[in-house]
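Subject: Structure handover

Hello,

The structure is below, followed by notes on what was found in it. Please read them alongside the coordinates.

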Amino acid sequence: MKRFLLLALPLLVLTMAVFHFAVAALGRAPDLSGARLAGPGPQSWAVAGAWLLESLALAALFLLVQGVAGGRLLNGLLTGWIAWVFRGPLLVISVVTLAGQPAAPWWSLTLGWLLLYSICGLLLGFLASASGLPPS
C-alpha cells in the first residue's frame with residue numbers, strides 16, 4: 001500500500017495541475033471579479049496543498065471503495081464519481097450561491113470536473129494493479 005500511495009499522490013497532483021492549467025489556458029475559468037467574496041487569489045502553496053489534500057482523499061476513498069464493485073477500473077470510476085458529487089454540483093450549489101455569482105459558467109465547469117475525476121479514478125485503478133496492491 002505504501003508504494004501505491006507514493007505513486008498515487010504525485011500522479012493525482014500532476015493530473016489536477018495539468019487540468020487547471022488547461023482550463024486557464026483555454027479561458028474556461030469563471031470570472032471572479034464581481035464576486036462578493038473576491039479578493040486576491042490564493043497563494044500557490046495553498047493551491048498545491050489543496051491538490052495534495054484532494055489527492056490523499058481520492059486515494060483513501062479508492063482504498064475504501066476497492067473490492068465493493070467489480071474490477072479496479074470500475075472501482076476507480078466509482079471513486080471519481082463519488083468525489084465529483086462533492087466537488088461538482090454540491091460546490092456550485094453552496095459556494096456560488098453564497099458568493100452571488102451567476103451559476104451558468106460554474107455548471108459548465110462541473111462537466112470538466114467530471115472528466116477530471118473520471119480520469120483520476122481510472123489512474124487510481126491502473127496504478128493499483130501496476131503497484132501490486134492486493135484486492136480486498
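Glu54 and Arg87 form a salt bridge, with 3.1 Å between the closest N and O atoms; the term means a side-chain nitrogen of Lys or Arg within 4 Å of a carboxyl oxygen of Asp or Glu. By this rule the count comes to one salt bridge. Glu54 lies in helix H2 (residues 44–65) and Arg87 in helix H3, so the pair ties together parts that are 33 residues apart in sequence. Helices here are DSSP runs of H or I with at least four residues, numbered from the N terminus. Both Glu54 and Arg87 are buried (under 20% relative accessible area; exposed is over 50%, partly exposed in between; 1.4 Å probe, protein chains only).

This is a predicted model: local features need pLDDT of at least 70 and side-chain atom pairs pLDDT 80 or more, while totals for chains, interfaces and linings use all residues. Residues are numbered from 1 along each chain as its sequence is written, and side-chain values use heavy atoms, without hydrogens or water.

The charged end of Arg87 also sits over the ring of Trp113, 4.5 Å from its centre (CZ of Arg or NZ of Lys within 6 Å of the ring centre and within 35 degrees of the ring normal).

Helices H3 (72–87) and H4 (89–99) each give two or more residues to the patch.

Regards
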